[in-house]
Amino acid sequence: MFPIVTKKQLNPTITYMEILAPAVARKAMPGQFIMLRINEDGERIPLTIAGYDREKGTVTIIFQKVGYTTYTLDTLNEGDALLDFVGPLGCASEFEQYVGKHVCVVGGGLGVAIAYPQAKALHELGAKVDFIVGFKNKDLIILEDEFKNACENLFVLTDDGSNGNKGFVTVALEEQLKKVDDYEAVIAIGPLMMMKAVCDMTRPKGIKTIVSMNSLMVDGTGMCGCCRVQVGGETKFACVDGPDFDGHQVDFDLAMRRGRMYIAEEKESMKKHECRMGGAK
Ligand SMILES: Cc1cc2nc3c(=O)[nH]c(=O)nc-3n(C[C@H](O)[C@H](O)[C@H](O)COP(=O)(O)OP(=O)(O)OC[C@H]3O[C@@H](n4cnc5c(N)ncnc54)[C@H](O)[C@@H]3O)c2cc1C
Ligand code: FES
């Protein structure tokens, strides 16, 4: 079992947890993820390793409540334990090439939690990081101090402009692309539509763009084929070949079709959770 040693509610939908998992903490690298299962009845879900402490043996996860498993996970507290916590999985991000270079990390929606460890790792290595993050409104903004410490320039946008900076992350990126002419790479993490839009903006400028493919996953070890994505005309598995890929090579339209495959089942699971919680979300 894997005990929850720290739990913090970052906003009404995003939760921070530190899990005691020494074997994972020992080997974890930025860009990798874990698959967890809450209990015998639970499904396995992938979450990015948002941080780790090799001495304490803890691994940090930051997750957004979107469906059955993430809502259920959020009902657990410090002292409770997870049945499975497998990892580190996936390829570590290859960031050494950006030491001393200017990069832009863009995180939107669910992607903010995943983009943060990427920005932090790049910043700690010595890259000059511009970090663009987006939230629906100012009450949902999380980890602003941590984000500031993970970059040179932080741009926080809200969909409704309630923090005084209205727009989607792509608006800020567009501005940056007009002003900055030395981006070595753009790293975009978030909804598929957003990553596709970022790639469409960087392609004409020839700026290398890395995206994190948050495909649906079952085993996380390259055996089931569930997470397959088309990259440069080849089939790749996000769990073992990724999750980072060259965004200009990714077939986003296919990925979007695959991402919508289980909407009916996901709604059914959510109903089950609401029934268990007495109708309240
Ligand atoms: C490698 C990887 C790393 C991830 N890291 C994080 C993380 O650090 N923090 C975090 O909050 N989430 C992360 N995700 C997404 C997370 O795995 C899903 O949100 C989770 O599986 C949803 O499970 P659920 O049962 O709560 O919701 P479901 O009922 O399965 O889904 C509810 C809604 O979320 C969408 N959804 C489901 N799975 C994904 C997915 N993989 N990516 C995007 N949307 C999805 C569905 O389309 C649906 O609209 C990651 C995904 C991958 C593949
Ligand atoms: S999740 Fe099964 S092959 Fe990747």
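Tyr 52 has Val 59 of strand β6 as its bridge partner. The model is predicted, and local features need pLDDT of at least 70, side-chain atom pairs count only at pLDDT 80 or more, and totals for chains, interfaces and linings use all residues. Residues are numbered from 1 along each chain as its sequence is written, while chains are lettered from A and ligands numbered from 1 in the order in which they are written. Strands (E, at least two residues) and helices (H or I, at least four) are DSSP runs, numbered from the N terminus.

Strand β5 pairs with β6 (residues 58-64) in the antiparallel sense, over three bridges. Pairing requires that DSSP finds at least two bridges between two strands. Both strands belong to an open sheet of five, ordered β5-β6-β2-β1-β7, with antiparallel pairing. Its edge strands, β5 (51-53) and β7 (81-82), each pair on one side only.

Helices α5 and α6 pack with axes 10 Å apart, at an angle of about 15°. Axes are lines fitted to C-alpha atoms, for helices over the stretch in contact, and angles run from 0 to 180 degrees between N-to-C directions. The two helices are therefore roughly parallel (angles under 35 degrees). From α5, the contact (C-beta atoms, placed from the backbone, within 7 Å) involves Val 169, Thr 170, Leu 173, Glu 174 and Leu 177. Met 194, Ala 197, Val 198 and Met 201 contribute from α6.

Helix α6 spans residues 192-202, and its buried residues include Met 195 and Cys 199. Buried means that 20 or more other C-beta atoms, placed from the backbone, lie within 10 Å of the residue's own. Among the elements they pack against are β9 (102-108) and α8 (252-259).

Definitions and conventions
A residue is buried if 20 or more other C-beta atoms lie within 10 Å of its own, exposed if 12 or fewer, and partly exposed in between; C-beta atoms are placed from the backbone. Two residues are in contact if their C-beta atoms, placed from the backbone, lie within 7 Å. Angles under 35 degrees count as roughly parallel, over 145 as roughly antiparallel, 65 to 115 as roughly perpendicular and the rest as oblique.
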